Amino acid sequence: MSAATSKVRRAGAVLTVFLKEVRENLRDRRTLTGAFLTGPLLGPLLFVLLINVQVNRELDKADQPLHVPVIGAQYAPHLVDALKQGGIVPEPAVADPGAAVRQQDADAVLRIAADYGAAWRKGEPVQVELFYDSSRRDTGSAVERLGKLVENYARQQGAMRLVARGLAPGTAWPVQVARRDQATPQSRAVLMFAMLPYFFVITLFLGGMYLAIDLTAGERERQSLEPLFANPVARWKILVGKLAAICVFSLASLAITLLAFAVVGRFIPAAKLGMELDLGWHFAGTVLLLMLPLVLLLASLQTLVAAFAKSYREAQTYLSLLMMVPLIPSLVLSFLPVKAQAWMYAVPLLGQNLGIMQQLRGDGVSGEQFALCLAGTLVAALFAVGVTAQLYRSEKLAISG
Amino acid sequence: MIEVRDLHKAFGSVKAVDGVGFTARDGEITGLLGPNGAGKTTTLRMLYTLMAPDRGQVLVDGIDAAADPLAVRRTLGVLPDARGLYKRLTARENIEYFARLHGLDEATLRSRHEALVDALEMRDILDRRTEGFSQGQRVKTAIARALIHDPRNVILDEPTNGLDVMATRGLRRFMQQLRDEGRCVLFSSHIMQEVAALCDRIVVIAHGRVVADETPDALRAQTGETNLEDAFVKIIGSEEGLAA
């Protein structure tokens, strides 16, 4: 046999395994819906729904009139008028303001003391009580809004008193804080989208998972691995063909997700929150490139785990546990925000996470960071492929029962 | 031709195969007979290089299995104990998959495919998915898949297991046809009747060792029994694990 035909034959065996696995799994409805429908589409839809709910709630609170029971409104008509101008609708007094807040009858309750008028006329400080429950997080913005309105009114009145006594209003406030927020519209978005990289990794994972189980644990359970290995094809070629099929399925899954995000990204009312969100083609391309070596790494890890398992069911259990691993960098980064060091980009999963967030923030990923991320994950992927190939050579792998 | 010399294989402390040696010649059907657990399947697995022997040598058409396992597998057609068809593929697709793994070109594939489909009488099931196949249909498909590359040597592990009478008779005819084509046919069985009816040579295995390697007539003469069944029982030393 000449060298040329032998080369064709080698590529042929890998291609044959690849094509057969793809064809066989395209006929499996469960794999198809998992890899191309529920896996990649559920994420974006869920995401959009959650964000829309959150955004609309924030917006509603800011614009809508706030109903607040006011106790003793008649003692401070001037203050109540100021509140009305700020969008507060005073409600009739309640008997027990504490209970009203705890029982969620009201977001907040304002109590004005009976001696308000007398103290005011004497120019003495008066107290206005604001009842709220800080453990009810959804009322936070309402409470803050009400508090600010009262404080602003106080400051305004104070300034007028100073002016009436011939003093400059600034006397009472020698130091003023001027806030300079350096957040860009993109970086504000990042807070909300911190879990986005995890979504992408999970999609990759789910896209290839059924195949990875089916092609090793499944084949062994159905006893087809032994006849397959009786063919004159080196086992590593069979492994490469199978890995290629897994990679194609998970890549397709990721592509569908990115496409879906690009489409639904338009329906996220990010601008209303002063955010800028670019989930378009450039973003999709960057994510795809960053994820490429990760596809191979996950495929071989899944195959490795599935090859260890004695049955399909066992493989499924192990893989659901393995699925928790990609969650770690996302969680760590959202709870312990660290300044990214160069070496972190070379760590698989962490590098992708940092890169995607950076792209989302609008900073772009530098060439060096790209190189570190791709090289680091590729080295890990090749190592995983090597270990899996070693496992594939074991005698026990083919034998079921 | 398949030559086996002094094979040993142990799993932990269990000696599954403990010094098996025999020769299966071209143009003959050689039967590997032994009770369940005698080491037949392990021996065959070492022949088709799924397992490496701890000691001993396997030569197929003069090629050392340890030195060039791929070349050995190329000259072998194997029906393993595990039939393992792909149930989401049709019978035809199952067969073509293995043909391509052997690197057959399309023309060879077609002609070989046609010949096997006729010989195994399986034209009616070709384009059905193998999910839901009967045991007989499964074995036919697995055999066609194993022999698609026209191998000189054929290894069948318990080929008639689970088949009904008609399917068994058909399979026996097919094995005789393979022998008449000049191939070396080696099959294992724990059914004496079947071995007696088919084999030119019988290798009896018990407890991982070869206890007899003769023609059926020589076996009768050696044991002094006219009945093969009694001859086997005498050789093996017990009736356990054998079926009539």
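This is a predicted model: local features need pLDDT of at least 70, side-chain atom pairs count only at pLDDT 80 or more; totals for chains, interfaces and linings use all residues.

Colleague: Fine. What is the strand order in the open sheet of 4 strands in chain B?

Modeller: The order is 2-1-4-5, and the pairing is antiparallel.

Colleague: Which strands stand at the edges there?

Modeller: Strand 2 (14-24) and strand 5 (63-64) of chain B. Each has a single partner strand, so one side of each is left without a neighbour in the sheet.

Colleague: And how many bridges are there between strand 1 and strand 4 of chain B?

Modeller: Strand 1 (residues 2-11) and strand 4 (residues 55-60) of chain B share 5 bridges, in the antiparallel sense. If you want a landmark, look for B:Glu3, which faces B:Leu59 in strand 4 of chain B.

Colleague: What lies across strand 1, strand 2 and strand 4 of chain B?

Modeller: That's helix 1 (residues 40-47) of chain B, which runs at about 120° to strand 1 of chain B.

Colleague: Where does B:Asp61 lie?

Modeller: In the loop between strand 4 and strand 5 of chain B. B:Asp61 also has a positive phi, of about 50°. With 17 other C-beta atoms within 10 Å, B:Asp61 is partly exposed.

Colleague: Switching to strand 9 of chain B: how many of its residues are buried?

Modeller: In strand 9 (residues 201-206) of chain B, 5 of the 6 residues are buried, so the strand is largely enclosed by the rest of the structure.

Colleague: Which way does strand 9 of chain B run relative to strand 3 of chain B, parallel or antiparallel?

Modeller: Parallel, with 4 bridges joining strand 9 of chain B to strand 3 (residues 28-33) of chain B. B:Leu33 sits opposite B:Val204 in that pairing. Strand 10 (residues 209-214) of chain B, by contrast, is antiparallel to strand 9 of chain B, over 5 bridges. There, B:Ala206 has B:Arg209 as its bridge partner. The hairpin of strand 9 and strand 10 of chain B has 2 residues between the strands, and B:His207 takes a positive phi near 50° in it.

Colleague: On to packing. Which residues touch the most other members of the largest nonpolar core?

Modeller: A:Phe200, A:Leu204, A:Ile246, B:Ile155 and B:Val204, out of 146 residues in that core. Helix 8 (residues 196-221) of chain A gives the largest share, 16 residues. As for B:Ile155, its contacts include B:Leu44, B:Leu47 and B:Tyr48.

Colleague: Last topic, the interface. How many residues of chain B are in contact with chain A?

Modeller: 22 residues of chain B, against 23 residues of chain A. On the chain B side, helix 2 (69-74) and helix 3 (91-101) are the elements that give two or more residues. Helix 3 of chain B gives the most, with 4 residues. By class, that side has 14 nonpolar, 3 polar and 5 charged residues.

Definitions and conventions: Residues are numbered from 1 along each chain as its sequence is written. Chains are lettered from A and ligands numbered from 1 in the order in which they are written. Two residues are in contact if their C-beta atoms, placed from the backbone, lie within 7 Å. Ala, Val, Leu, Ile, Met, Phe, Trp, Tyr, Cys and Pro count as nonpolar, Asp, Glu, Lys and Arg as charged, and the others, Gly among them, as polar. A residue is buried if 20 or more other C-beta atoms lie within 10 Å of its own, exposed if 12 or fewer, and partly exposed in between; C-beta atoms are placed from the backbone. Two strands pair if DSSP finds at least two bridges between them. Axes are lines fitted to C-alpha atoms, for helices over the stretch in contact, and angles run from 0 to 180 degrees between N-to-C directions. A nonpolar core is a set of buried Ala, Val, Leu, Ile, Met, Phe, Trp, Tyr and Cys residues joined through C-beta atoms within 7 Å. Lists of a residue's contacts leave out its neighbours within four places in sequence.
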